[in-house]
Amino acid sequence: MKTVKILHLYADAMDLYGDKKNLEVLCQRIRETGAQAETAPCGLGEEIKLEGVDLVYMGHGKARSLAAMAPHFCHYSEEIKAHIEAGQLWFVTGNARELFGREFTTVTGEVLPGIGLFDYRGEEHNKVFVADMVGRAAFDETLRCYGFANRTASLVYPAGNPSPLFRQVSGFGDGDREEGCEGTLYRNFFATWAMGPVLVRNPGLMRELLRRLGLDPTACDFSLEERALELVLREFPDQKNG
């Protein structure tokens, strides 16, 4: 029986709005395919061990928590970048994305470095931004997805987002205005501001992760999630089909 090994970074400090349910439901779906799910938490001060890990998960947290985690996370920057470049599967939500850019600002105005995997910077606004998002998945343009954000920061790109997770987006982007795209899909690295949790709300996204883990998503019954998503999407016009 196949065992999927999952590393959960900063499980206690980086968990807002029920984002940890992303991981709980993913483990349930993994088991439904006939595989085992083995989750290992890694907290502040503990060694980040990426070798032999099938998926790394990191969720959204308070701005102060993000700043506290940053030095520890960046200590492993070269190893993290090497594993992502080699195709390791990552799923990252909310402001944890700021750690993967060049730098980000804190609530006190301090500038902290990220690992520099992507050429963006995070900006802390100290003002709450709340919005819905509807877009089409970059890996399947027929797949319409929904997300919700409640955040105080945004990402700033020097020349636009080169590898979004969602396209044809209405509602919110990575910045403080509607930009037509959102999130990051780079090799097997998935990231989005959407929270609440996004994998429960979007079964198509869950299926894609299972496929990239080498599992068969047809073994899972997503009928309730599909129905729930259908009801939510009725509230938003489809820009593609009118």
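This report walks through the pockets, a cavity, the aromatic rings and one arginine of a predicted model.

Residues are numbered from 1 along each chain as its sequence is written. In this predicted model, local features need pLDDT of at least 70, side-chain atom pairs count only at pLDDT 80 or more, totals for chains, interfaces and linings use all residues, and side-chain values rest on heavy atoms, with hydrogens and water left out.

## Empty space

Rolling a probe the size of a water molecule over the atoms shows where empty space is left. On a 1 Å grid over the protein atoms alone, a cavity is a set of points where a 1.4 Å probe fits but cannot get out, while a pocket is an open set with protein on both sides within 12 Å along at least five of seven lines; lining residues have an atom within 4 Å of a point. Grid points are joined across faces, edges and corners, and a volume is the space filled by probe spheres set on the points.

| Space | Volume | Lining by class |
|---|---|---|
| Largest pocket | about 200 Å³ | four nonpolar, five polar, five charged |
| Second largest pocket | about 160 Å³ | six nonpolar, two polar, five charged |
| Second largest cavity | about 40 Å³ | seven nonpolar, one polar, no charged |

For these classes, Ala, Val, Leu, Ile, Met, Phe, Trp, Tyr, Cys and Pro count as nonpolar, Asp, Glu, Lys and Arg as charged, and the others, Gly among them, as polar. Helices (H or I, at least four residues) and strands (E, at least two) are DSSP runs, numbered from the N terminus.

The largest pocket has a volume of about 200 Å³. Its lining has 14 residues, and those closest to the centre are Leu155, Val156, Tyr157, Gly175 and Glu179. Strands E7 (121–137) and E8 (140–156) are the elements that give two or more residues to this lining, and E8 has the largest share, with three residues.

Around the second largest pocket there are 13 lining residues, with Ile6, Leu7, Ala40, Lys49 and Val53 nearest its centre. Here the elements giving two or more residues are strands E1 (3–9) and E2 (36–42); E2 gives the most, five residues.

There are two cavities of 30 Å³ or more. The second largest cavity is lined by eight named neighbours, among them Asn22, Leu23, Leu26 and Phe91. Helix H1 (20–32) and strand E3 (55–58) each give two or more residues to that lining, and H1 provides the largest share, three residues.

## Aromatic rings

A pair of aromatic rings is described by the distance of the centres and the angle of the planes. Rings of Phe, Tyr and Trp (its six-membered ring) pair if their centres lie within 6.5 Å; planes under 30 degrees apart count as stacked, over 60 as edge-to-face and the rest as tilted. The whole structure has 11 aromatic pairs. Why is the pair of Phe118 and Phe189 tilted? The planes of these two rings stand at 50°, with the centres 5.4 Å apart, so the pair is tilted. Phe118 and Phe189 are both buried (under 20% relative accessible area; exposed is over 50%, partly exposed in between, with a 1.4 Å probe and protein chains only).

## A look at Arg212

Arg212 belongs to helix H5 (residues 203–212). Its relative accessibility is 30%, so Arg212 counts as partly exposed. Beyond its neighbours within four places in sequence, Arg212 is in contact (heavy atoms within 4.5 Å) with residues including Leu89, Phe139 and Arg187.
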